[in-house]
Amino acid sequence: MSTSFQPTILLTGPTGYVGGRLLKRLEALPVRVRCLARNPEYLEGVTGKQTEVVRGDVLDRSSLAVCLDGVDTAYYLVHSMASAEWFEQKDREAAENFAAEAKAAGVKRIVYLGGLADDEADLSPHMRSRHEVGQLLRTSGCAVTEFRASIIIGSGSLSFELIRSLVIRLPVMVTPQWVSVEAQPIAIDDVLDYLVAALTLPEDETRIYEIGGPQRVSYAGIMREYARQTGRRRLFIPVPVLSTKLSSLWLGLVTPVYARVGRKLIEGLRHPSVVRDDAASSAFEIQPRDLESAIDDATLSERELDAPRWGDSTAASVVEQEWSEDSFLKTIQDDRSRGSHASPEAAFAPIRRIGGPSGWYFATWLWRVRGWLDLLVGGVGMRRGRRNPDQLRVGDVVDCWRVAEYEPNRRLKLVAEMRVPGKAWLEFSVAPTEGGSTIRQTATYRPVGTFGVVYWYAIWPVHVVLFSGMLREIVRRGESPTAA
């Protein structure tokens with residue numbers, strides 16, 4: 001097929017868990033792929049050479065016209081799982097913006113992935129919002145294919161990470177009622193098959209398809225199957241009452257699912273998520289794999305270092321702190337530098353590997369305490385780890401930080417995603433000198449309000465010890481490769 005006749009496919013949410021995997025599928029097709037991203041730099045080195053990346057935001061309607069120009073099919077994979085209490089309004093505004101601009105641009109089809117639940121049930125705010133988004137997209141006048149999926153099983157998915165962590169860490173589990181609610185789990189690869197197959201549907205068809213695997217099983221049943229496959233014996237003790245808030249805090253303490261997301265997840269599991277309309281089985285030649293195969297595939301895929309993870313998604317992990325520039329009182333810095341006998345490449349090696357399995361080189365236990373405190377106030381904590389233990393790219397998660405800027409062997413800038421009364425960055429740079437290099441470490445903080453300033457100076461004595469010790473260890477490890 002000539003390149004000039006290839007349809008243009010727009011993918012929103014390309015940095016998300018499903019979007020990141022769908023991107024690879026789309027790039028293998030004879031189509032033009034365009035990604036919409038708030039931070040295009042996060043996709044550097046991720047997309048194929050022919051994929052176009054455009055800056056845009058579904059909450060900024062003025063940015064969408066260029067993104068949607070010439071698009072035949074648009075995948076809408078946007079939702080606010082980790083947003084604060086106003087997430088329903090944000091999802092509504094985003095869907096209305098996208099629907100209106102898609103219609104104006106002449107988009108033929110929108111493909112949307114929502115959540116599986118009965119419309120007649122008393123849905124949780126999160127699930128209600130997912131269904132409302134589908135309805136708003138249908139008002140665009142474009143053909144809309146909405147897939148409603150149950151629990152998604154795949155390496156790095158939210159549900160699988162939760163299940164894996166609980167089974168590995170807890171030999172005995174006290175299980176609240178939501179753990180026993182019936183669902184119809186589906187493998188991530190089967191979800192992707194459905195999303196790609198939507199491209200072959202009649203152009204004027206608008207329909208909702210409910211998708212799930214062949215078995216009806218609860219979260220407890222999925223955990224039992226994972227325990228069986230990994231050779232672990234686990235005891236489940238059901239309890240009649242355990243509030244959503246307590247359950248979410250419990251998940252935050254023993255899994256990578258922090259409290260705000262855990263609460264939305266649990267609220268969405270109050271009702272069964274099972275397929276009631278099997279139209280998908282006749283519309284598509286897809287046979288979803290059974291639970292055993294789905295878990296087996298997810299376990300094998302965990303070894304893929306570069307595979308998308310739910311926790312890496314900006315939509316799922318960023319702590320939302322929307323302050324105007326005049327909210328910040330001033331900029332405070334802790335700036336330190338030390339000389340090293342190591343070459344710039346050797347000196348930068350421990351910086352490149354910081355966080356995750358390497359830890360933070362000095363008083364790592366203090367970082368863990370900070371992580372626990374962050375979890376208790378609804379933050380991301382310190383347990384997200386990192387995508388690759390040795391390599392970094394812009395957009396990567398490093399525990400409670402995200403890579404904002406990166407120049408190999410020269411500079412690393414991290415932006416904090418922990419909950420703080422302001423904005424914080426941690427930057428490392430290495431410059432060559434005669435006979436070695438100089439390592440500079442700068443912690444920058446922009447406080448909001450008086451409490452933000454008090455916060456910084458209250459923990460300043462800890463920072464003095466922590467930052468000086470960390471820089472000293474970075475220098476030592478750079479000069480002693482076996483220590484790094």
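The model is predicted: local features need pLDDT of at least 70, side-chain atom pairs count only at pLDDT 80 or more, and totals for chains, interfaces and linings use all residues. Residues are numbered from 1 along each chain as its sequence is written, and side-chain values use heavy atoms, leaving out hydrogens and water.

**Cores**
- The largest nonpolar core holds 40 residues. Such a core is a set of buried Ala, Val, Leu, Ile, Met, Phe, Trp, Tyr and Cys residues joined through side-chain atoms within 4.5 Å. Buried means under 20% relative accessible area, exposed over 50%, partly exposed in between (1.4 Å probe, protein chains only).
- I354, W360, W401, L412 and M470 touch the most other members.
- Helix α16 (460-479) gives the largest share of this core, six residues. Helices (H or I, at least four residues) and strands (E, at least two) are DSSP runs, numbered from the N terminus.
- Another core, of 36 residues, lies apart and includes I9, Y75, L77 and L192.

**Sheet**
- Six strands form an open sheet in the order β14-β19-β18-β17-β16-β15, with antiparallel pairing. Two strands pair if DSSP finds at least two bridges between them.
- β14 (332-340) and β15 (397-398) are the edges; each has a single partner strand, so one side of each lacks a neighbour in the sheet.
- Six bridges link β16 and β17 in the antiparallel sense.
- R402 has V415 in β17 as its bridge partner.

**Exposed tryptophan**
- W365 sits in helix α14 (residues 364-376).
- W365 counts as exposed because its relative accessibility is 56%.
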